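Here are my notes on this model, as numbered points. Have a look at the fold first, then read on.

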Amino acid sequence: MTKKKLPVIISGVLLGISILVFTAAVIYLHAANSEKTLIVYFTRVGNTDFSENVDAVSSASLRRNLSGELEGNCEVMANTLKKATGADIFAITVDDKYPESYEETVSRASEEQSDNARPDLSATVENMDKYEKIILIYPVWWSTMPMPVFTFLESCDLSGKDIYPISTHKGSFLGSSVDDIEKLCPDSEVHAGVPIAGGSVDYKRREDTSLGIV
Ligand SMILES: Cc1cc2nc3c(=O)[nH]c(=O)nc-3n(C[C@H](O)[C@H](O)[C@H](O)COP(=O)(O)O)c2cc1C
């Protein structure tokens with residue numbers, strides 16, 4: 001290969017990736033732009049009783065939004081999609097909250113996964129029948145979804161519905177989550193997932209770097 005061809009090949013690859021990402025975004029927004037779409041999300045912040053003075057700077061994976069509130073990556077994703085589309089939204093929440101400590105949460109999540117546990121949920125979706133499309137947003141925990149998301153998928157009848165998975169993660173992308181969703185929902189149409197790096201879901205950093213999103 002000549003040196004002259006290399007920039008052309010790199011540009012072609014980058015263009016290809018951009019087209020793929022754009023197409024995925026359009027498909028997801030189209031899926032969300034409907035009264036028959038429900039955005040379902042799970043996030044660590046909404047499932048942990050943090051003390052008021054928890055340190056969002058030194059605590060791994062925790063940050064505050066511009067109003068000073070703790071906010072999870074998946075929550076930001078879910079609310080952004082809701083604002084863009086007007087679709088209904090539902091947060092998966094557990095009865096037994098996770099510990100404030102990141103390390104203890106990681107340990108408990110590991111035990112839940114080894115036990116193939118189904119943690120009890122504190123809320124259910126009303127009128128699931130009216131939805132045809134489910135946008136499912138979750139953090140990757142131990143290379144798949146948190147076990148409460150397994151509980152959710154098993155406890156609802158999602159047969160005949162389209163499921164659009166979106167993960168936020170720290171390097172595992174989707175892990176085995178899409179395969180797991182297919183196993184849990186054999187009668188649903190499970191679409192290719194979209195993984196989003198958790199660190200890129202960060203309003204505060206964007207404000208600091210003057211990208212203008214505040
Ligand atoms: C219990 C636990 C396990 C995790 N396991 C993984 C993992 O296996 N792979 C990965 O890429 N990220 C992992 N993460 C990081 C989260 O997926 C990531 O920080 C995510 O964006 C958090 O979303 P949230 O703020 O909505 O909870 C883990 C986080 C926690 C708390």
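1. Which of the 22 residues around the ligand come nearest? They are G72, C74, P139, S172 and G198.

2. Residues are numbered from 1 along each chain as its sequence is written. This is a predicted model, so to speak of local features pLDDT must be at least 70, and side-chain atom pairs count only at pLDDT 80 or more, while totals for chains, interfaces and linings use all residues.

3. Back to the ligand shell. Helix 2 (73-85), helix 3 (102-114) and strand 4 (162-169) each supply at least two of its residues. Helices (H or I, at least four residues) and strands (E, at least two) are DSSP runs, numbered from the N terminus. By class, the shell has 8 nonpolar, 11 polar and 3 charged residues. Here Ala, Val, Leu, Ile, Met, Phe, Trp, Tyr, Cys and Pro are nonpolar, Asp, Glu, Lys and Arg are charged, and the others, Gly among them, are polar.

4. Overall, the chain has 6 helices and 6 strands, in the order α-β-α-β-α-β-α-β-α-β-β-α from the N terminus. Of its 214 residues, 29% are buried, where buried means 20 or more other C-beta atoms within 10 Å of the residue's own, again placed from the backbone.

5. Strand 1 (residues 37-41) deserves a look. Because 5 of its 5 residues are buried, strand 1 is largely enclosed by the rest of the structure. T37, I39 and Y41 point one way, L38 and V40 the other. In a regular strand the side chains alternate between the two faces of the sheet.

6. Who pairs with strand 1? Strand 3 (residues 133-139) does so in the parallel sense over 5 bridges, and strand 2 (residues 88-91), also parallel, over 4 bridges; pairing requires at least two DSSP bridges between the strands. Y41 has a bridge partner on each: I137 in strand 3 and A91 in strand 2.

7. I163 is buried, with 22 other C-beta atoms within 10 Å. Beyond its neighbours within four places in sequence, I163 has contacts (C-beta atoms, placed from the backbone, within 7 Å) that include I134, L136, I181 and V190. The C-alpha atoms of I163 and V190 are separated by 4.8 Å, although the two are 27 residues apart along the chain.

8. Last, contact range. Among contacts between residues at least 6 apart in sequence, 83% join residues at least 24 apart.

Methods
A residue is near a molecule or strand if its C-beta atom, placed from the backbone, lies within 6 Å of it. A residue is buried if 20 or more other C-beta atoms lie within 10 Å of its own, exposed if 12 or fewer, and partly exposed in between; C-beta atoms are placed from the backbone. Two residues are in contact if their C-beta atoms, placed from the backbone, lie within 7 Å.
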